[in-house]
Amino acid sequence: MDVLHIAVTLFLIIDPFGNFPVIYSLLKNYKDKEKLPIIIRELFFAFIVMFIFIFFGKNIMDFLGLREESVSIAGGIILFLIAIKMIFPNNEPIFGSENELYLVPIAIPMIAGPSLLATLILFASQYAIKEVLAASLLSWTLSSFIIIILLKFSKHIPNRVFSAIEKLMGMLLISLSVQMLLDGIAKYLHF
């Protein structure tokens, strides 16, 4: 039962349905044959980061002198920049040349974001590692399946639908990024 509870929580945090329009917008300048390998690579990177944080997250943050607040603030800033480009698009890719879409922002912070990583650290301290690992694999697999299926069917959906969703998701992403920033600042200031 713990594995299912953890998996559902992680799945909701990963939010593949909410993240897909953002991921799709990041991939819009790529050819169709390039999109699937990029998504698979980024999903794999996200799972590696999740795996690392399950086992070593607390130690890494302690070693670097990082607090959860700083990770939340950094993630908020990155998401804010992505959201601005979604609302006010131009022909340039979000992160410079098209070859730069690597690890950031799809794997981190879209899939394995600060809230997911912080939750993994918390679960790893509360439950058995094998339960957290099994739940992570389950939630990641389901999220990956959903993202890949949505990518496959995205060509049957008119571009204007994705454009409208992209702008809407940009507005929501700005709200989420500001909330991440405020949460990080509030935790830092102990409000």
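This report looks at the aromatic ring pairs in the structure above.

## About the model

This is a predicted model, in which local features need pLDDT of at least 70 and side-chain atom pairs count only at pLDDT 80 or more, while totals for chains, interfaces and linings use all residues. Residues are numbered from 1 along each chain as its sequence is written, and side-chain values use heavy atoms, with hydrogens and water left out.

## Ring pairs

A pair of aromatic rings is described by the distance of the centres and the angle of the planes. Rings of Phe, Tyr and Trp (its six-membered ring) pair if their centres lie within 6.5 Å; planes under 30 degrees apart count as stacked, over 60 as edge-to-face and the rest as tilted. The structure holds 6 aromatic pairs.

## F45 and Y102

Here the ring centres are 5.2 Å apart and the planes of F45 and Y102 stand at 75°, so this pair is edge-to-face. The two residues, 57 apart, link distant parts of the chain: F45 lies in helix α3 (residues 32–64), and Y102 in the loop between α4 (68–87) and α5 (106–111). Helices (H or I, at least four residues) are DSSP runs, numbered from the N terminus.

Is F45 buried or exposed? F45 counts as buried because its relative accessibility is 18%; buried means under 20% relative accessible area, exposed over 50%, and partly exposed in between (1.4 Å probe, protein chains only). Y102, at 49%, is partly exposed.

## F47 and W140

F47 and W140 make a tilted pair, 5.1 Å centre to centre with 50° between the planes. This pair also links distant parts of the chain, with F47 in helix α3 and W140 in helix α7 (residues 129–153), 93 residues apart. F47 is buried at 16%, and W140 is buried at 17%.

## A cluster

Finally, meet F51, F55 and F56, which ring pairs link into a cluster.
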